[in-house]
Amino acid sequence: RIDEVDCGAEGPRAKPEPMSGRNRIMMNLLLPPLCLLLAAAPPPRFEGDPEAEACLGEALRAALRATEAFGPLPGRPWTLCLHTEAAAFEAATGAPPGRAAAWVGDRLHLRPVLQLRRRDLGALLRHELVHRRLAGRGLRRWDEEARCLWAEGRTAPLPPRLPPAPGLQARLDRALAGGSTREQAWAYRALRAWIAGAPLPGPPPCLLPSGDRNSWAYFKSTG
């Protein structure tokens, strides 16, 4: 029959049989991983310390594997800059002395390796990689930061839980966005306590309305 043959340049050729239901299911199961491989994010370009890749490569690869469940990395090129001087890190990021890493666009800045050795490097890299994985998700600042804190010691995403009250969320956002060192330290303590289901620490006075700066009861009642 004419409708069962394909007459090409090489002569008549039988049409392929339609894919069976089982084969179609198997193909659908294989396609998502294949798509993920094709869209895999490029490895970072190392800058700064000439020994950056040797110092950080193994820990970075482990952190990339450990944070896969938090979402894909953006496909854009990115850079990991291991500074050789603390002053250069702070000038590039505007970060306070207690901060060991900071993103500026698609560049992750890290303090000098001697300072990083005082920290849990794996936890630090997992935290920062989850920031990149969550970029563009439209999360509130406190919510993204909580997920990154959670990822420091876990490979599965933060399970759903009752969010902080609206007033508390606003104060956390404000502290994380541009608060003083003291305010940011409070925000991190509060988020860690919320993750653990523990009582929250009182906020610094500057985050309370004037006239009630010493009233943690006010904060709890309006948060």
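These legends describe close-up views of one predicted model. Local features need pLDDT of at least 70, side-chain atom pairs count only at pLDDT 80 or more, and totals for chains, interfaces and linings use all residues. Residues are numbered from 1 along each chain as its sequence is written, and side-chain values use heavy atoms, with hydrogens and water left out.

**View 1. W78 and W103 form a tilted aromatic pair.**
A search of the whole structure finds 2 aromatic pairs. Rings of Phe, Tyr and Trp (its six-membered ring) pair if their centres lie within 6.5 Å; planes under 30 degrees apart are stacked, over 60 edge-to-face, and the rest tilted. The ring centres of W78 and W103 are 5.9 Å apart, and the planes meet at 40 degrees, so this pair is tilted. W78 sits in the loop between α2 (52-66) and β4 (79-82), and W103 in strand β5 (residues 101-104), so the pair ties together parts 25 residues apart in sequence. Helices (H or I, at least four residues) and strands (E, at least two) are DSSP runs, numbered from the N terminus. W78 is buried at 3% relative accessibility. W103 is partly exposed at 21%. Here buried means under 20% relative accessible area, exposed over 50%, and partly exposed in between (1.4 Å probe, protein chains only).

W142 belongs to helix α6 (residues 141-151) and W194 to helix α8 (residues 181-196), so the pair ties together parts 52 residues apart in sequence. W142 is buried, at 4% relative accessible area. W194 is buried too, at 13%.

**View 2. Arginines lie over tryptophan faces.**
A charge sits over a ring if NZ of Lys or CZ of Arg is within 6 Å of the ring centre and within 35 degrees of the ring normal. R154 lies over the face of W150, 3.9 Å from the ring centre. R161 lies over W194, at 5.7 Å.

**View 3. Helix α7 covers residues 166-178.**
This helix has 13 residues. From first C-alpha to last, α7 reaches 19 Å, close to the expected 18 Å. The expected span is 1.5 Å times one less than the number of residues. Buried residues in α7 include G167, L168, R171 and D173.

**View 4. D106 and R76 form a salt bridge.**
A salt bridge is a side-chain nitrogen of Lys or Arg within 4 Å of a carboxyl oxygen of Asp or Glu. The count comes to 8 salt bridges. The closest N and O atoms of D106 and R76 are 2.9 Å apart. D106 lies in the loop between β5 and β6 (107-110), and R76 in the loop between α2 and β4, so the pair ties together parts 30 residues apart in sequence. D106 is partly exposed at 28% relative accessibility, and R76 is partly exposed at 41%.

**View 5. E90 and R111 meet in a salt bridge.**
The N to O distance is 2.8 Å. E90 is in helix α3 (residues 86-93), and R111 is in the loop between β6 and α4 (113-116), 21 residues apart. E90 is partly exposed at 27%, whereas R111 is buried at 4%.

**View 6. R192 and E152 meet in a salt bridge.**
N and O are 3.2 Å apart. R192 is in helix α8 and E152 in the loop between α6 and α7, 40 residues apart. R192 is partly exposed at 42%; E152 is buried at 18%.
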